[in-house]
Amino acid sequence: MVKFVSYDGKYPNLCSGKLVLSVDGVIFNFPDYCLSSGGGINPNYEGAYDGEWSIIDWPEGFPENAKNEATTVVNGNIQHGCCGGCI
């Protein structure tokens, strides 16, 4: 079972925080910049749109069978956002 512990990313760079999850009571500290937004730049180039998070960098030893649940937990606990800076 995956549980959300903490995340300290803040607007406008929501993707650059420190993510901590727990799997069956074991704490996992994720690497910096482990999230990628499913958002992007609006077609008219006036701002960005939000999208669901993907976890793109996993801590060593994170259980493979918990990765889908971890992504669901992240999306349920971290505000979606995209500043457009990396696009």
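This is a predicted model: local features need pLDDT of at least 70, side-chain atom pairs count only at pLDDT 80 or more; totals for chains, interfaces and linings use all residues.
Student: What makes the contact of Lys-18 with Asp-32 a salt bridge?

Tutor: The closest N and O atoms of Lys-18 and Asp-32 are 2.4 Å apart, and the rule asks for a side-chain nitrogen of Lys or Arg within 4 Å of a carboxyl oxygen of Asp or Glu, so the pair qualifies. The pair links distant parts of the chain, 14 residues apart, with Lys-18 in the loop between strand E1 (2-7) and E2 and Asp-32 in the loop between E3 and strand E4 (35-37).

Student: Why is Lys-18 called partly exposed, and what is the standing of Asp-32?

Tutor: Lys-18 has a relative accessible area of 43% and Asp-32 has 41%; buried means under 20% and exposed over 50%, with partly exposed in between, so that is the class for both values.

Student: Are Glu-64 and Lys-67 buried or exposed?

Tutor: Glu-64, at 61% relative accessibility, counts as exposed because the threshold is over 50%, whereas Lys-67, at 19%, counts as buried because its value is under 20%.

Student: What makes strands E2 and E3 a pair, and in which sense do they run?

Tutor: Strand E2 (residues 19-23) and strand E3 (residues 26-29) share 4 bridges in the antiparallel sense, and since at least two bridges are required, they count as paired. Within this pairing Val-20 stands opposite Asn-29 in E3, and the two strands form a hairpin with 2 residues between them, where Asp-24 in the turn has a positive phi of about 50 degrees.

Student: Which residues touch the most other members of the largest nonpolar core?

Tutor: That core has 18 residues, and Leu-19, Leu-21, Phe-30, Leu-35 and Val-74 touch the most other members. E1, E2, strand E7 (53-55) and helix H1 (67-77) each supply at least two residues of this core. Leaving aside neighbours within four places in sequence, Leu-21 is in contact with residues including Phe-4, Ile-27, Phe-30, Ala-70 and Val-74.

Student: What pattern does the protein follow along the sequence?

Tutor: The protein has 1 helix and 7 strands, in the pattern β-β-β-β-β-β-β-α, and of its 87 residues, 37% count as buried.

Key. Residues are numbered from 1 along each chain as its sequence is written. Side-chain values use heavy atoms; hydrogens and water are left out. Buried means under 20% relative accessible area, exposed over 50%, partly exposed in between (1.4 Å probe, protein chains only). A nonpolar core is a set of buried Ala, Val, Leu, Ile, Met, Phe, Trp, Tyr and Cys residues joined through side-chain atoms within 4.5 Å. Contact means heavy atoms within 4.5 Å.
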